[in-house]
Every structure is written in C-alpha cells, then in structure tokens.
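Take a look at the sequence and the 3D view, then read on.

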Amino acid sequence: MNDNEYMRRVRLMEDRLYRIAQAMLWREADSVDAVQEAVFRGWLKKDSLSDDDRLEPWLVRILVNECRDALRRRKREPAELVEAITEDDRLCEDLQLRLAMKQLPEKYRLPLVLHHMEGYRVSEVAQMLRLPGKLVASRLHQARKALRSLLDGGDEV
C-alpha cells in the first residue's frame, strides 16, 4: 500500500479511531495524541501488513496498545473522573451513561465501545483485542449487566 492510499483510508476511519481513544483515555488531548501516534506507527509499519483489507482492525489494535501505554504513563487518579468528561465529549450524550461507562474496567468498556458504539462484529473485536470470541461475548454480556446495574443506581462493576 502506498502512502497516499494509506492516508486516504486513515482519513475515512479517523472519527472512529478518535471515539475509541476517547473511550479509553477520556481526555481530548490524550485521545488526539494517541490517534496521531497510532497512525504514525501504522504508517511506519504499513508495508508489513500482508492484507490491505485488514488495515482497519490492524490500526485499531495499534491504537488500543497506544492508549494502554498512555494510561500506564499517566497513572490516573480518581479525582480526574469528572474533569476528564467534557461538554464536547463525542462518545455519549448522556452524562450518567458516561460516568457509568467510566466506572467499568477497561476489559469490559473497550469491547462494549468497539461492538455497540463502533459497530464491529464480535469476531472483529476478538481479533483486535487478541482474545477468543467467546471471551469477548462473555465480556460484552458482563459489561451490559454491570452498566445496567450502575445506571439503575447500583454500584456493581
């Protein structure tokens, strides 16, 4: 894949990449940085991609790893929760839903975002996260159950 084709396809998935980063990092600046870094790393390694049709899941996987690295670097504090959710947050319209999602551990939140908000099939999410499909399906079930409990006023996670 040449540089122009790579950038054309990245531009088509730019919003999706940003929403995924936002779901993991919650801060706009961190999300933008993670997307830029993932796109750059993908560009550097684009020639190692054997099937050009696999670009999107491959790049999402790079982004997820970049977001995890960013989280490790920053060691978030609980007090950052409300500060991290801004008015221009594109992930969710409802503040309660955003707060509830933030309380979910990443292992539940990330499959939920990829499948329900970004529309990836369970098999695609499994490939992106390098997990068995049944485990992804189980985590989706647990995530929905925990989210429902949190939204109903419970504190289950």
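## The big picture

Of the 157 residues in the protein chain, 42% count as buried. Buried here means under 20% relative accessible area, exposed means over 50%, and partly exposed is in between (1.4 Å probe, protein chains only). This is a predicted model, so local features need pLDDT of at least 70 and side-chain atom pairs count only at pLDDT 80 or more, while totals for chains, interfaces and linings use all residues. Residues are numbered from 1 along each chain as its sequence is written, and side-chain values use heavy atoms, with hydrogens and water left out.

What will you find if you trace the chain: how many helices and how many strands? There are eight helices and zero strands, giving the pattern α-α-α-α-α-α-α-α along the sequence. Helices (H or I, at least four residues) and strands (E, at least two) are DSSP runs, numbered from the N terminus. Take the contacts between residues at least 6 apart in sequence: 64% of them join residues at least 24 apart. Contact means heavy atoms within 4.5 Å. Accessible areas come from the Shrake-Rupley method with a 1.4 Å probe; for residues, only the protein chains shown count as cover.

## The inside

Now for the nonpolar cores. A nonpolar core is a set of buried Ala, Val, Leu, Ile, Met, Phe, Trp, Tyr and Cys residues joined through side-chain atoms within 4.5 Å. The largest one has 31 residues, and L17, V60, L63 and L114 touch the most other members. Two or more residues each come from α1 (3-25), α2 (28-45), α3 (55-74), α6, α7 and α8 (133-151). The top contributor is α3, with nine residues. Leaving aside residues up to four places away in sequence, V60 touches L17, I20, L114, Y120 and M128.

In α6, Y108, R109, L110, P111, L112, V113 and L114 are buried. The buried residues of α6 pack against α1, α3, α5 (95-103), α7 and α8. After α6 comes G119, with a positive phi near 80°.

## A buried charge and its partners

Where does E118 sit? It is in the loop between α6 (106-117) and α7 (122-129). E118 is buried, with a relative accessible area of 3%. Not counting residues up to four places away in sequence, E118 touches R16, R19, I20 and V113. R16, R19, E56 and E118 are also linked in a network of salt bridges. A salt bridge is a side-chain nitrogen of Lys or Arg within 4 Å of a carboxyl oxygen of Asp or Glu.

The structure holds twelve salt bridges. One of them joins the side chains of E37 and R41 (2.9 Å, N to O). These two are four residues apart in helix α2, so about one helical turn separates them. E37 is partly exposed at 28% relative accessible area, and R41 is partly exposed at 38%.

The side chains of R72 and D69 form another salt bridge (2.4 Å, N to O). Both lie in helix α3, three residues apart, or about one turn of the helix. R72 is exposed at 55%, whereas D69 is partly exposed at 25%. R121 also bridges to E124, with the closest N and O atoms 3.6 Å apart, and R121 counts as exposed at 53% relative accessibility.

## Rings on the surface

There is one aromatic pair in the structure. F40 and W43 make it, and they are stacked: 6.2 Å centre to centre, with 25° between the planes. Rings of Phe, Tyr and Trp (its six-membered ring) pair if their centres lie within 6.5 Å; planes under 30 degrees apart count as stacked, over 60 as edge-to-face and the rest as tilted. Why are F40 and W43 separated by about one helical turn? Because they are three residues apart in helix α2.

F40 is partly exposed at 41% relative accessible area, and W43 is partly exposed at 32%. Together with L44, F40 and W43 form a nonpolar patch on the surface, with about 290 Å² of accessible area in total. Patches are made of residues with over 30% relative accessible area and no salt bridge: like charges are joined within 9 Å, nonpolar side chains (Val, Leu, Ile, Met, Phe, Trp, Tyr) within 5 Å.
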